[in-house]
Amino acid sequence: MMNKTAFITGASAGIGEATAKLLAQNGFDLILAARRKDRLDKLCSELSEQFGVKTQACIFDIRNKEEVANAIDQLPAWCQKIDVLVNNAGLASGLSTIDKGDLNDWETMIDTNVKGLLYVTRKISPSMLERGHGHVVNIASIAGKEVYANGNVYCSTKFAVDALNKAMRIEFSSAHVRVTGIYPGAVETEFSIVRFHGDEARAKKIYEGFDSLLAHDIADAILYAITRPTHVNINELIIMPTAQPVPGIIHRKES
Ligand code: NAP
């Protein structure tokens, strides 16, 4: 039997990288997308060597629709039939009230989390609908369900992902294409380093004193959703650290 093929955006770090590893371990051929070519090339060779799956790096800045379209058009033939699309690339940039917000941060988040997700989905979903087969997994966030202090624009982008997840399900289900939304709470990745523009000390504090989620926990949920029988659609999974019941509360241990 042929392996299934998964296309994962944001595969050079964090949740995307962990998902690539777990899917390779489970026999998926992989197309791994991000901007950092060196990281993707290394991951591709490691995974094909370790698990004997096909891998292909796909380099683009997801905010640039021409780059996205060209990179996907140039993929080799085996990459044309994608079974699973994991729309994972995304970021938070900054954490401040709207009156003090940085317009560049806002544009980066909107362009990456909303427009970028749409550019990739627009390229890959038509072939799924034509074949009457496929699964789109959208990585939203608990920030797409509940707004937290100073999260304003990031939360808005993830509420948009929540809306797009629902919209895709309405539009794709008649062609038997499944659509799943994943809504994680705090996961320790490069996320906070990116949010605080490279301030690693500030980012580290976010995860101190409690057991945050690990990227593998989210990869595990993605694997669960995509390995159900085809008549089962996991609409949504909200996954939180036990110590974080809602975005604004984290129970930290005394140090
Ligand atoms: P991460 O470790 O910072 O990884 C983000 C990934 O997105 C990287 O591979 C990055 O690759 C890619 N990316 C960012 N901007 C891009 C661009 N312009 N073009 C192409 N790729 C881009 O963060 P993560 O925590 O794994 O985040 C993955 C997803 O989970 C995001 O959508 C995030 O919003 C969501 N999420 C995270 C958390 C959390 O607490 N960590 C919680 C809920 C939801 P390059 O830099 O190489 O391009």
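Guide: Helix α2 (residues 37–51) holds both Lys37 and Asp41, four residues apart, about one turn of the helix; helices (H or I, at least four residues) and strands (E, at least two) are DSSP runs, numbered from the N terminus. This is a predicted model, in which local features need pLDDT of at least 70 and side-chain atom pairs count only at pLDDT 80 or more, while totals for chains, interfaces and linings use all residues. Residues are numbered from 1 along each chain as its sequence is written, and side-chain values use heavy atoms, with hydrogens and water left out.

The side chains of Lys37 and Asp41 form a salt bridge at 2.6 Å, N to O, the term meaning a side-chain nitrogen of Lys or Arg within 4 Å of a carboxyl oxygen of Asp or Glu. Lys37 is partly exposed at 47% relative accessible area, and Asp41 is partly exposed at 32% (buried is under 20%, exposed over 50%, partly exposed in between; 1.4 Å probe, protein chains only).

Another salt bridge joins the side chains of Glu236 and Lys145 (2.8 Å, N to O). Glu236 lies in strand β7 (residues 236–239) and Lys145 in the loop between β5 (134–139) and α5 (152–172), so this pair ties together parts that are 91 residues apart in sequence. Glu236 is partly exposed, with 28% relative accessibility, and Lys145 is partly exposed with 25%. Through shared partners, salt bridges link Lys145, Asp162, Lys166 and Glu236 into one network. The whole structure contains 13 salt bridges.
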